[in-house]
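Please walk through this protein one part at a time, with the sequence and the model side by side.

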Amino acid sequence: MTSTQDEWGTGGFGFSTEQVHAGESFDGAYAPRIAPIYLTAGFLFDSFDHSKARFEGDDGGWTYSRVANPTNAAVEERITALEHGVESLLVGSGQAAITVAMLGILRAGDHFLATRSLYEGTKTLFRENFERFGIEVEFVDDPHDLGEWRRRLRPTTRAIFSESIPNPKNDLIDFELIAGVAREAGVPFVVDSTAATPFLVRPLDHGASIVVHSASKFLTGHGASLAGVVVDGGSFDWAAHPDRYPQFSTPLGAPGSPTRVQKFGRRAYLEYTRSTIASRLGPVLSPLNAFLLQQGLETLSLRVERHSRNALAIARWLERQPEVASVDYSGLPSSPHHALAQRYFPRGQGSVFGFTLSGGQEAARTVIDAVQLFSRMTHMGDVRSMILHPGTTSHAHLSADDRARLGIHDGLIRLSVGIEDEADLIRDLDRAFAELRASEATRESLAARDSVAA
C-alpha cells in the first residue's frame, strides 16, 4: 500500500492493517518503505524567516527533537489511529507518560480521584511525588459504587484516573460508569491501558478522555527498550471550564490573541502537554526507541491474541490445582469481573494476572525457584513469560495490613504470560507444582516424625 484516501483510525480499515500502515510516509529523495530513524538533536533552518516561522508554529516543521521528531511522529500517528484518538505524544517511559498526562491537567491545589487497584509505582507517584507539587490524590475503594464516587468529588476535583486491566488483581472497572461520573463532574477521565492495549479495548470509545500506555510492555513486546505514550481523545471540552483549566482558555500572547482551544481545537490538551509540560520537563523518547516501538506495533494484534489465549489456558489449569486458593483472571467464569470482561474485552482478557497459593510465601518461593521457562523479573507484556512475587518486590514497602487490604497475600504470584507454546508453559508450571508437593510432603513427614518423637 502506497497511499490511501481513507483517514486512519476512523473504521475504514481493520486493526491489523492499521497497526502496519497507519502513520507511514514516503517523503524524501529515497522514499523508504519503513519510517527511518532520524537520530538528530536538531534540524536545519533555511533562513532567518524560516526559523522564525518554525518557532511561531506557522510552517508545521521541526525545531528540536526534545519537542518532536519525524521518527517519533510516525509512531505517534500510528498509535493515535489504533486508539481512535486525535493526537499522541511519545515520552521516555510509562511513568513519564502518566506524569506528563496528569500535569497537563493538574496544578497546585488541585485534587483528583483514582481507583485503588493500580500499579503500585503509579500510586507512589501520586501519593508522594504529586503531593510535593501540591496536588492531592484520593483513592476510591469500590469503583463500582456510584455513590462513593459522588461522595468523594470536591470543588477542587480536576480529574479521574484508572487502569483498564488493573495489575495484578484483574479487578476490572466499568468504563462507562466511571466515564459517566467524570461527565457529571465536568472533569477528564484518564485511563492507563498498558495491560489491555487498543487491540483488546479502546477506552476512548467507552467515554475516557485520555489514554496512557507504558509502551515498554505490550506495544513494543520485545522488552528491548522503554517508551511511554499519551493519547488525546479530543472529546473533553476544556473551554467549558476556564476557571478549572485556565491553561487552555488563556490568550497565548498579548490580550486578544487566540487561546489554545481557539488555535488548536480538539488538540489543545495534547499541544499544551507536548509544548509546555513534556518539552520543558524533558522526558524525551529517543528516535531509536521510537523505531523499536514501531517494529513491535506491527505485530501487536498477533501477539496479544496469543498472549490472551495462553493466559486463559494457564488460568484454567491453575484453577484445577488443589494448592491454589484463587486465580485472579477475568476470563474465568468464576471471576467476579467476568461479566465486565465479556462486555468490554470480547477479543481476550489480557495476560497479566495473579494467583494465590494456600501455602503462603514459602510455597510461592518454591514455585518461583522451580520454574525454568518463566523468567523471574519485574516486567510484563514481553513475548517471554515472566513470574514475580509482588509481596516481596513491587509491594514490599507496604505494611502487611495494606497488602492484605489490596489482596496482595503472601502466597500471591503474578504472571505475565508470553507467546510460547501453551503446553510448554503448563509443563513448566506442572514441574514447579510437583516440586511444591514434594517439599510439602517432606515437611509433613518431618512434622509427623517430630510429633511421634515428642
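The axis of a helix is a line fitted to its C-alpha atoms over the stretch in contact, and the angle between two axes is taken between their N-to-C directions, from 0 to 180 degrees. Two packed helices are described by that angle and by the distance between the axes. The model here is a predicted one.

Start with a pair of helices. Helix α4 covers residues 94-103 and helix α5 covers residues 120-132; they pack at an angle of about 45°, and their axes are 11 Å apart. Angles under 35 degrees count as roughly parallel and those from 65 to 115 as roughly perpendicular, so α4 is oblique to α5. The crossing of α4 and α5 is right-handed. On the α4 side, the contact is made by Q95, I98, T99, M102 and L103, and on the α5 side by G121, T122, L125, F126 and F130. Sorted by class, the contact of α4 with α5 contains six nonpolar residues, four polar ones and no charged ones.

Next come the strands. Strands of a sheet pair through backbone hydrogen bonds, either parallel or antiparallel. Strand β4, residues 157-163, is mostly covered, with seven of its seven residues buried. Strand β2 (residues 111-115) pairs with β4 in the parallel sense over four bridges, and H111 stands opposite T157 of β4. Strand β5 (residues 189-192) is also joined to β4 by four bridges and runs parallel to β4. There, I160 has F189 of β5 as its bridge partner.

The loop between β4 and α7 (175-185) holds P168. The peptide bond from N167 to P168 is cis, with omega near 10°. N170 is placed in the loop between β4 and α7 too. Its phi is near 60°, a positive value in a residue other than glycine. Is N170 buried or exposed? With 1% relative accessibility, N170 counts as buried, because the cut-off for buried is under 20%.

Another residue with a positive phi is H84, at about 65°, although H84 is not a glycine. H84 sits in the loop between α3 and β1 (87-91). Its relative accessible area is 27%, so H84 is partly exposed.

A further sheet is open and has five strands, in the order β8-β9-β12-β11-β10, with mixed pairing. Its edge strands, β8 (324-328) and β10 (375-376), each pair on one side only. Strand β10 is joined by two bridges to strand β11 (residues 386-388), and the two run parallel. Within this pair, S375 has M386 of β11 as its bridge partner.

Which helices lie across strands of this sheet? Helix α12 (residues 300-319) lies across β8, β9 (352-357) and β12 (412-416), and runs at about 10° to β9. Helix α14 (residues 360-370) lies across β9, β10, β11 and β12, and runs at about 125° to β9.

Two serines in loops complete the tour. S351 lies between α13 (338-344) and β9, and at 1% relative accessibility S351 counts as buried. Not counting residues up to four places away in sequence, S351 touches F218, H307, S308, A311, L415, S416 and V417. S65 lies in the loop between α2 (48-56) and α3 (70-83). At 10% relative accessibility, S65 counts as buried. Apart from neighbours within four places in sequence, S65 is in contact with T40, A41, F43 and V284.

Key
Residues numbered from 1 in each chain as written. Predicted model: local features only at pLDDT ≥ 70, side-chain atom pairs only at ≥ 80, totals over all residues. Heavy atoms only, no water. Parallel < 35°, antiparallel > 145°, perpendicular 65-115°, else oblique. Left-handed = near helix turned anticlockwise from the far one by under 90°. Contact = heavy atoms within 4.5 Å. Nonpolar A, V, L, I, M, F, W, Y, C, P; charged D, E, K, R; others polar. Pairing = 2+ DSSP bridges. Buried < 20%, exposed > 50% of the residue type's maximum accessible area, 1.4 Å probe, protein only.
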